[in-house]
Amino acid sequence: MKKYELLKIMNNELLDKLFGFCYARTSDSYEAQELCSDILFALVRAAGGEGEIAEPYPFIWRVARNVYADFCEKRKKQQERFCQEDTEELLLAFAAEEPGEDEELLRAVYRRMAFLTRAYREAMILYYLDGLSTAEIAKRQNTSEVAIRQRLFSARKKIKSEVEKMAENQKPMVLERKEYEIVGTGNPGWGDPRNACNRQFSKHVVWLCRKKPMSAVEIAEELNVPTAYVEEELDILAWGENGKYGLLRRMDNGKYFINFVLLAREEMEEANRIYKEHLSIVSDVIIQYVQENKEKYLAFPYLNRKVDFNLVLWQQITSLAEVFANTVEKKLKEKYFCNVERVNRDFSVFGYENTGKHYGCGSDGTSAENICGYSKVHLINIYISRIKAHFRCMHNISLDKQLQLTIRAINGLAVEDLTEEEREQAAKAIECGYLYRDGNMLYTKILVSPMREENRVFELSWNLSERYLEADAEIVAEKMAKFIKKNLPEHLLPEWSYANILANLPTTDALVELLIEKGLLVPPEDGIGAEGCWMFVEE
């Protein structure tokens, strides 16, 4: 075969084999990447020459061994070494019978090489775009600051034509800081695309693709960033964690478009106002409803020695707050999006540009089996601006002495039976609202119910349905439909319900403040207490 035909077999499979060869002979993956890059350059130079090769693969491995021998002799200087060849000059010097075809093959080789040297590319992005110092980058990459300086120097040389504009006067050109609040719903273990969007560079790429599809070249020109970096970033953001769901999607024309609902700051504020305008009426409806049904709420089978109605309301508050948004969603589905098939995946994300406010509404649960005399225990707590979380998801109850005392105290726990260590933990459990003391006995203060009743706990609150909120829900639904159709790209219309959730996101906090102001709710003094925390048990 002719030498230039080498390009045709320099594919990803060969690249993997070459990298395996290099990895087995070097101290780490970064060094292996550089050695593999040098081997590829040597093969490209060989392909640019005249003559023929009898057996291509023995020739390739002979080149690889020769480059490795040279690498061994110059190992100490290898970190500063870079390929002097300018790719355009090499392309012009490349002799081929069909330049068009081989030009594309050669560019594919360079693309693979650009993607190969991850340590160098990562250092460039963190330094020039995210604004990190060489010391900070060294800590992140678990290497020395000298090594980072060498990587920056080498990387600049390798893509000199694109980096020169960015690296003028050797000063970082840091991107303007951009922050998002991105919420997830469902099972993140299926694949959480948020994990690919931690750097400022990533966030800017997502933002540019928010309103219109963008190509790698267009993004590179907009951000003044080497195209090779943008191409890889687009691949990462479109892939996500499982290849099925990323923050970007690749369109049929090869450009990239945002793949999740992301509202700009002013859009988020506009959506929030649609809901907030009706909260005073909603709060009055809730107050009337819970007062009318107080006895029914208290009749729920709690296992506590005594039940505080205020704690019951805090248990129910997020459900009560969601009823209005759910009623609006029902109206949106029936009247405005009945012909739009909803997206169906195990996990979805949606978010907004940081407004300076954090809407920390949520709930977390944790479970245990065969603990403190019960076969099963399930604990839940909410967190909003007025309520701090006691624990987060998957909290280990077997290591939490205060929660163990709380479980043991459901039927009463004598103070005299506690050890000195347990007395100290019991005092802390009383302080944070888990327990209360009555004489010489400790009792569980947070609400406790039988496990068999878990599915019924919010049943009464969900009955606060559209017949109580019909008129206001109709008005909000009409406004939200217009907002969604104006601000969501057409391909994201199947995710319209997430825009509705975002619009409603701040209303739980706002509604709670109204209910406190109107005397229905009493908040904990320091933000953490029995309020918003409850438990189910099975003997």
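A residue is called buried here when its relative accessible area is under 20%, exposed when it is over 50%, and partly exposed in between (1.4 Å probe, protein chains only). The model is a predicted one, so to speak of local features takes a pLDDT of at least 70 and side-chain atom pairs count only at pLDDT 80 or more, while totals for chains, interfaces and linings use all residues. Residues are numbered from 1 along each chain as its sequence is written, and side-chain values use heavy atoms, with hydrogens and water left out.

The chain holds 23 helices and 12 strands, taken as DSSP runs (helices: H or I, at least four residues; strands: E, at least two) and numbered from the N terminus. Its exposed surface comes to about 26500 Å², with carbon and sulfur atoms supplying 46% of that; the areas come from the Shrake-Rupley method with a 1.4 Å probe, and for residues only the protein chains shown count as cover. With a contact defined as heavy atoms within 4.5 Å, 75% of the contacts with a separation of 6 or more are between residues 24 or more positions apart.

Gln425, Ala426 and Ala429 are the buried residues named in α19. They take up an arc of only 105° around the axis, which puts them on the same side of the helix; the arc is that of the directions from the helix axis to the C-beta atoms. Cover for the buried residues of α19 includes α18 (401–408), β9 (435–438) and β10 (441–444). Turned away from the buried side is a face that carries the exposed residues Glu420 and Glu431. After α19 comes glycine 433, with a positive phi near 95°.

Helix α12 (residues 216–223) has buried residues Ala216, Ile219, Ala220 and Leu223. These cover an arc of only 100° around the axis, which puts them on the same side of α12. Glu221 and Glu222, on the other side of α12, are exposed. Just after the helix, asparagine 224 takes a positive phi of about 60°.

Two further residues have a positive phi without being glycine. Asparagine 370, at about 50°, sits in strand β6 and counts as exposed because its relative accessibility is 67%. Cysteine 372, at about 55°, is found in the loop between β6 and β7 (374–383). With a relative accessible area of 27%, cysteine 372 is partly exposed.

What about the cysteines? A search of the whole structure turns up 0 disulfides, a disulfide being a pair of cysteine sulfur atoms within 2.5 Å. Cysteine 36 has its closest cysteine sulfur in cysteine 22, at 4.4 Å, which is too far for a bond. At 0% relative accessibility, cysteine 36 counts as buried. For cysteine 432, the closest cysteine sulfur is that of cysteine 533, 8.1 Å away and again too far for a bond. Cysteine 432 is buried as well, with a relative accessible area of 13%.

Two loop asparagines round out the picture. Asparagine 259 lies in the loop between β3 (256–258) and β4 (261–263) and is buried, given its 7% relative accessibility. Its side chain reaches the backbone oxygen of glycine 246 at 3.0 Å, and a polar contact of 2.7 Å joins the side chains of asparagine 259 and arginine 249. A polar contact here is a pair of N or O atoms within 3.5 Å; within protein, one must be able to donate a hydrogen and the other to accept it, and residues adjacent in sequence count only if both atoms are side-chain atoms. Beyond residues up to four places away in sequence, asparagine 259 touches Tyr245, Gly246, Leu247, Leu248, Arg249, Leu492 and Glu495.

Asparagine 354 is placed in the loop between β5 (347–353) and β6 (362–371), and it counts as partly exposed at 22% relative accessibility. Leaving aside neighbours within four places in sequence, asparagine 354 is in contact with Glu179, Tyr180, Glu181 and Arg265. Asparagine 354 and tyrosine 180 are 174 residues apart in sequence, yet 4.9 Å apart in space, C-alpha to C-alpha.
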